[in-house]
Amino acid sequence: MSKVAILTDSNSGLTMTEAENLGIHLLPMPFFINGNTHLEGVDLTEEEFYRQLSDNAEISTSMPAVSDVTDMWDRLLEDHEEVVYIPMSSGLSSSCETAIMLSQDYDGKVQVVNNQRISVTQKQSAIDAKTLASRGMNAEQIKQYLEGWKFESSIYIMVDTLYYLKKGGRITPAAAALGTLLKLKPVLQIQGEKLDAFAKARTIKQAKSIMIQAMLDDCKNRFGDASGKTVHLYIAHTQNREAAEEFRKEIAEHFPDQEIEIDPLPMSIACHIGPGSLAIACSKRIDA
């Protein structure tokens with residue numbers, strides 16, 4: 001029997017196949033599309049999601065059903081002694097706080113990690129948890145380690161269109177109209193709990209330059225290593241793979257010795273910002 005099962009949700013950007021290959025268990029996130037419930041990666045593919053988004057469907061995110069969460073824990077505990085569950089940031093959804101409450105009925109066998117991450121940084125937390133488990137840490141020790149490490153990450157996202165931010169009520173119609181008129185490319189950031197404004201760019205080129213400089217500053221001033229060797233680097237995108245490949249070449253000029261992985265942003269972010277976005281992200285490497 002494997003001692004500790006590592007579980008995360010599809011807000012990490014992991015697919016079922018990727019999770020299985022990594023030995024990580026995955027809870028698919030529910031979405032409401034025109035009033036119907038779908039599960040990410042189960043009966044809702046990335047292609048279908050973006051088709052519905054472009055057709056102006058009413059799309060909203062939802063937290064997993066309580067029974068889906070506890071049923072998953074129960075199944076994992078049949079073959080494992082403990083479970084480490086890494087949901088999306090508590091600052092972006094109430095699912096983390098709900099899971100923490102539910103875990104109180106499991107006598108410490110389920111440890112819920114509130115480590116304030118989403119997308120590629122959440123994915124890295126799950127991979128790190130798997131590594132820590134292989135080193136012999138128990139579930140509580142893994143939780144404490146990851147929560148102590150939670151702010152050692154950054155995501156900067158360039159939004160291609162203001163339409164979806166306006167539709168979701170995150171900016172006013174007047175601000176969206178002005179931004180569209182001026183052809184602004186806002187850069188958002190996720191550091192910890194919230195998705196916040198970071199900068200405004202007039203061109204995609206300028207937005208990419210702003211994001212690269214922000215990452216260089218983080219590596220030098222937050223992580224103490226301008227070379228970036230102490231962090232994992234990623235590019236994420238919403239239906240923008242070709243541009244992401246080009247962006248990787250630009251980033252590699254500043255971090256020549258780093259492997260830079262490209263992943264799609266999860267649907268939970270995409271439904272708020274739309275297609276065409278680019279992001280750069282980092283997560284500090286855990287202690288060897």
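Is Asp225 buried or exposed, and what is its relative accessible area? Asp225 is buried, with a relative accessible area of 16%, where buried means under 20% relative accessible area, exposed over 50%, and partly exposed in between (1.4 Å probe, protein chains only). The legends below describe this residue and several other places in the structure.

This is a predicted model, in which local features need pLDDT of at least 70 and side-chain atom pairs count only at pLDDT 80 or more, while totals for chains, interfaces and linings use all residues. Residues are numbered from 1 along each chain as its sequence is written, and side-chain values use heavy atoms, with hydrogens and water left out.

**View 1. The whole protein and the confidence of its prediction.** The secondary structure of the protein comes to eleven helices and 13 strands; helices (H or I, at least four residues) and strands (E, at least two) are DSSP runs, numbered from the N terminus. Of the 288 residues of the protein, 51% count as buried. Among contacts between residues at least 6 apart in sequence, 74% join residues at least 24 apart, a contact being heavy atoms within 4.5 Å. The mean pLDDT is 87, and 88% of the residues reach 70 or more; pLDDT is the predictor's confidence in each residue, from 0 to 100. Over residues 168-182, however, pLDDT stays under 50, and for this stretch the model has 15 contacts beyond four places in sequence. Where pLDDT is low, the predicted coordinates should not be read in detail.

**View 2. The loop around Asp225.** Asp225 lies in the loop between α9 and β11. Leaving aside residues up to four places away in sequence, Asp225 touches Cys219, Lys220 and Thr230. The side chains of Asp225 and Ser227 are joined by a polar contact of 2.6 Å, and the side chain of Asp225 also reaches the backbone nitrogen of Thr230 at 3.1 Å. A polar contact is a pair of N or O atoms within 3.5 Å; within protein, one must be able to donate a hydrogen and the other to accept it, and residues adjacent in sequence count only if both atoms are side-chain atoms.

**View 3. The largest nonpolar core.** A nonpolar core is a set of buried Ala, Val, Leu, Ile, Met, Phe, Trp, Tyr and Cys residues joined through side-chain atoms within 4.5 Å. Of the 25 residues in the largest one, Met211, Met215, Phe247 and Ile251 touch the most other members. The elements that give two or more residues to this core are β8 (153-158), α9 (204-222), β11 (231-237), α10 (241-254), β12 (260-264) and β13 (278-284), and α9 gives the most, with eight residues. Not counting residues up to four places away in sequence, Met215 touches Ser154, Tyr156, Leu233, Phe255, Ile280, Ala281 and Cys282. Apart from this core lies another, of 18 residues, which include Ile6, Ile24, Leu132 and Ala139.

**View 4. An open sheet of three strands.** The order in this sheet is β4-β3-β5, with antiparallel pairing, and two strands are said to pair if DSSP finds at least two bridges between them. The edge strands, each of which pairs on one side only, are β4 (36-39) and β5 (59-61). β3 and β4 pair over four bridges, with Pro30 standing opposite Leu39 in β4. In the hairpin of these two strands, which has two residues between them, Asn34 takes a positive phi near 50°. Strand β3 (residues 30-33) and β5 pair over three bridges; Phe31 stands opposite Thr61, and the bridge partner of Phe32 is Ser60.

**View 5. Two loop residues with positive phi.** Asp107 is placed in the loop between α4 (95-103) and β7 (110-112), and its phi is near 50°, a positive value in a residue other than glycine. At 72% relative accessibility, Asp107 counts as exposed. Gln239, in the loop between β11 and α10, is a residue other than glycine with a positive phi near 50°.

**View 6. Ala133 and its surroundings.** Ala133 has its place in helix α5 (residues 119-134). Ala133 and Lys3 are 130 residues apart in sequence, and their C-alpha atoms are 8.2 Å apart in space. When residues up to four places away in sequence are not counted, Ala133 touches Val4 and Ile142.
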